[in-house]
Every structure is written in structure tokens, then in C-alpha cells.
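Here is a short report on one protein. Look at the fold as a whole, then follow the headings below.

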Amino acid sequence: MKSIHWLGAMVALLALAGGCTSGPAVKETADAIFYNAVVHTVDPQQPKAWGIAVKAGRIIAVGDSSAVFALKGENTRLHNLQGAFVMPGFIDGHAHFSGLGASLQNLNFLKSRSWDEIVAQVAAKAAGTPKGQWITGRGWHQEKWDSAPGGISIDGYPSHHTLSAVSAEHPVLLRHASGHSLFANARAMELAGVSAETPDPAGGRILRDSKGNPIGVFEERAMALINDAYDAYLAGLSDEALKQEWLAGIALAEEECLRKGITSFQDAGSSFDEIAWYKDLAEKGELDLRLWAMVRRSYGEMNEGLSKGFPILNAGDRFFTCRAIKSELDGALGAFGAWLLKPYSDNPDFSGQNTTLVSTVDSIAELAMRHNMQLCVHAIGDRANRVFLDIVARLSERRPEIKNMRWRSEHAQHLDPADIPRFAQLGVIASMQGVHCTSDAPFVVKRLGDDRAQKGAYAWRSLLDAGAVVTNGTDAPVEDVDPLLSFYATVTRRRPDTGLIFYPEQALTREEAIYSYTYAPAYAAFEETDKGSLIVGKLADMVVLSNNLLTCNDDDILKTQVLMTVVGGAVKYQRK
Ligand SMILES: [Zn+2]
């Protein structure tokens, strides 16, 4: 770190000195200057600035107008930010990149308010989809529509005709929000061999009009007729076609993240194939934001695969790194999967699930040591977290250096108060997601009871006060990838819809919450010399926002707009 400060100071000095140095005068000039801004640098030495000058993807000056304009050359691009708020780009510390992509490829009808709206969504999708390719979606619910569907309506369902008219060349499969029925268009029914003569299968129902013709709705076991046709289509796709589909999802995920101010994304679990594809994209200069990935496979596969070129560090000009392994000790609280020290309050005979044998996680930890990789263990329940901390404690007796390897508890959601100080003592990072707290709030007290919920649920404040590194993120596509929603949850612990507040004494300050989304996740990835604050020498990754996240009122956090997202000095998103 020192050397970078020194290098930056020298660069600035040389630039200012200009012709005073011996030899030919070389004036350092910036590629771009971002100015007239309220810059929150996340650098304690110089917390505020007015502008930033960038060259070759890195910051060469941060400061007032004289500091940045001293580096202005003839070809410097100038960005007047008109008083907007600038901070280091958001780093999502735990989410699923290809999962986010897939969720964006499929249509989502959770917010659709009429059948006509759904038909219009399918029509728009069909216009951009090659003929013959299936269009899939989920989340429709006829009870949530503002108006009844026009034309024939059976049991409140529409018939397929308007849908089939806009998708004649594409089979369409739209899953109900409940998962217990689906809607198919004429082409999908044709491929499935469904006609008026098809009998209802046992345990299922094909909805029909007065003449006996299927209207497109298949309930329960009748869904298999359409699902089988879709599975046959997938089975017929080549590896190359599947990769193209994956790539299309990745492009959507990139666009979505940049639109929401994310400049780095920590992917919580990819296959070896995906990691090879990411590396390839990075090396070809085709990634627009930076990825840091955990590999997630069985012990056997990792034991073999990791000997081939791992860890992968800073591929493609620091756009892709894989230096971590993912494992998991338990499931999630909502489904009684979190592994607890004591039984669930609303399920007194049950203490949750241990999903990977502790001995296997032990072996994976050895693997991580051997390959100099970080170990990131999914641990939601207090028992899962204690077991993970115990694994680290046991190993560090033999290998003290493990405390510096920045291993991570992914979620670290429910903790026994006795374990909170152990995070800092053992160097274990609490990789948390602010928005999970408010999403889960309606059922946490039911599951854990008041005492456990108050003392150890989403205990960011206690962890920070005990010296732990706490990172932030969204677990997208489980939650919306929007960092502002998670930031809001982190500083208010309040649900925007119902106003329910979950133990507000654990809230972070604005400054701490920004840190949890910038410097802390950079540190948690061994990337703090490149990312996480805006200082000379670091990558010029930043976000420009319409509100000052340090001073705006709580409600305005949710109204904040991302005006610009900058990665390596290049404007990758700009609000129109
Ligand atoms: Zn996850």
C-alpha cells in the first residue's frame, strides 16, 4: 500500500513539475477528469474531494480543482458531474452471476397486473428470440390481475388464443406463481402432442373450453405433458448452444449490475466450465465489470480440478479472479434448514440441517490451504457458524498463517453471542447481505424466539464492534441485485413496504454501510490495493449517484438514481 501512495505522489509531482525535471519535459495528462462532484473517497487520509483524474484505468489525482485540472491535456475527456455524489463502485460481496443472468433471460410476471400485460411481455420477447426457441417465464397469478381476461375465460383463466397469436413460431411455457400449474401456447401444446382427445392424467387436470379444447392451463400432474416437451428440447441442444444461452445471460447480468452501480461482483459458486468461460471473456476484454469467483464443486472434482492453474489471479487486466472455494454447512432459516445450536422455537423437535459432513468441510479446508485459496463456507445457523469457526481454530493451531487467509462465513446470519468475538480473533470475515435481514424479518422471531433474534440475528453492529470485517451484498437472484435496497436495509433495518423494523440497534451508520459495500468486500477478496477506495494508484471504479448517501434522509436512499457507473475510468453506464 505504501508503495502505491509513493508511486502516486511521484506521478503527481512529476506532472506538476513539468519541465523542471532534467531530460525532456513530459507532462502527465489524464485520459479523463470527473469533476464538480461531492466525492466520498472511503480514504481516511483524504475523505472528501471535488474531482478525480484518471489515466490508463487508474486514478492519478483526487482532490480540488487545481489538483485534477493540473493533469488536463488536449485530449482529456471532461465529465462535469454537476454536484452529484461520487463513491467507489459498489462491490456485491455475495451473489450469483450466471443465476442472475438466467433470471433475467426468463420472463417474470410477479408484478404483472393483467393477462394483456403478460401477452405483451411475451410478444416483446418473441420479437427478439430466434424462431423455434422456447420462451419461458414464471410468476403469473390470475388472482392478482386488476381486470379479468377478455374472451373465453374458464375458472378465471384466459384461453391461449391471444397468447398464441403473438407467439406462433415459439413454444411458450409460463409457470404459475404457486408452481402448481402452468400456461402453454398452441405451439407448445402441439409439440407436447396435446389435443382435445388427450385425457387428463391421474392427479392432474387439463383445463378445457365448452367444446373440450385445451385452453392452455395445465394443473398439477398434467404439467408433465408440457414439461416433458420442454426437457426434450433442452436435451437436444448442443454444448455450444447451451454456452451461447449462458453467454446471453451473462450479458444481461452485466447490464443489470452496471445500471445499478455495481463495478465488482463476487460470485458465490461457479463450476470449472463457467470459470474457464469467465477467464476467456476477461482475457478477450469482453467483461464490462470485474468478477471474483468461488469455485463450487464436490471435494473429488475440486481435488482434481484445482491442480490445473489455480488460483486464477487478475486475468484480463484485473477483470477476473478465482481464488476461493465455496462449501456449505447448512441451509436457510425460512425452510428450517439453518443448523441451530438449540431447536427452532416453532419446531421444537428440530434443529435444522447439516448439508455437508463436517469431515468433508475439513477436507475442503485442507484443499484450500494446499492451493492457497480462500475458503468461503455457507453458514446461516448459529451451529453452522460455530462449527466453521471451530474448523478454522483447529487448523490455525497447526498452521497459524490461516488467520491471514481471509476465510469467510457466507451469510453469518444467526450467531451465538459467544461466537461474535471469534470472527476477529480468527480472522474470519462475515460476508453478509443487508437486504436478507428485512426480507426475512417477518418470520425470524417465530423461528428463533425473541432472545436469539435480538442478540444474534444479522448482528452487524456487534460484529463490527468486536473488530470483525463485515461485507455486504444481495445474494441475487435470491434478492434484487440493487445495492441501494441492501444499503437501506443495512442502515434502517426497516422494510420499505410495511415499515416493520428489525432490532434497529444493530443498524450500521451510513459511513460504515458504504464501507461494507466498498473497502470491506475488496479486503475480503484480497483486492484492497486495487479497489474499495478512491486514492491515487487504485483502479478508477466508481459510481455517481443523485443523492448523497451520507446525508440524505432514509426515504431518499430508495429514490436515489445511479447517474453513471465507471469501471477502469471508462463510463460503462450513463443514465439518459
Ligand atoms: Zn448465495
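## Ground rules

Helices (H or I, at least four residues) and strands (E, at least two) are DSSP runs, numbered from the N terminus. This is a predicted model, where local features need pLDDT of at least 70, side-chain atom pairs count only at pLDDT 80 or more, and totals for chains, interfaces and linings use all residues. Residues are numbered from 1 along each chain as its sequence is written, and side-chain values use heavy atoms, with hydrogens and water left out.

## Overall build

The protein has 20 helices and 27 strands. Its C-alpha trace spans about 95 × 60 × 50 Å along the principal axes.

The radius of gyration is taken over C-alpha atoms, and the globule rule is 2.2 Å times the number of residues to the power 0.38. For 576 residues, a compact globule would come out near 25 Å; the protein has 26 Å, which agrees.

## A bent helix

Helix H15 covers residues 434-456.

Where does H15 bend? The place is Gly-449, and the bend is about 115°. Such a bend is the angle between axes fitted to the seven residues ending there and the seven starting there. Just after H15, Tyr-458 takes a positive phi of about 50°.

## Two helix pairs

Two packed helices are described by the angle between their axes and the distance between the axes. Axes are lines fitted to C-alpha atoms, for helices over the stretch in contact, and angles run from 0 to 180 degrees between N-to-C directions. Angles under 35 degrees count as roughly parallel, over 145 as roughly antiparallel, 65 to 115 as roughly perpendicular and the rest as oblique.

H15 and helix H17 (residues 483-492) cross at roughly 75°, and their axes come within 7 Å. They are therefore roughly perpendicular. Gly-434, Val-435 and Thr-438 in H15 meet Ser-486, Ala-489 and Thr-490 in H17; contact means heavy atoms within 4.5 Å. Helix H3 (residues 97-105) and helix H8 (residues 239-259) pack at about 95°, with axes 7 Å apart. H3 and H8 are therefore roughly perpendicular too.

Most residues other than glycine have a negative phi, and most peptide bonds are trans. Gln-82 is not a glycine, yet has a positive phi of about 50°. Gln-82 sits in the loop between strand S6 (77-80) and strand S7 (85-88).

Phe-310 and Pro-311 are joined by a cis peptide bond, with omega about -5°. Pro-311 lies in the loop between helix H10 (299-305) and strand S19 (312-314). The bond from Ala-476 to Pro-477 is also cis, with omega near 10°.

Methods:
The expected span of a helix is 1.5 Å times one less than its number of residues.
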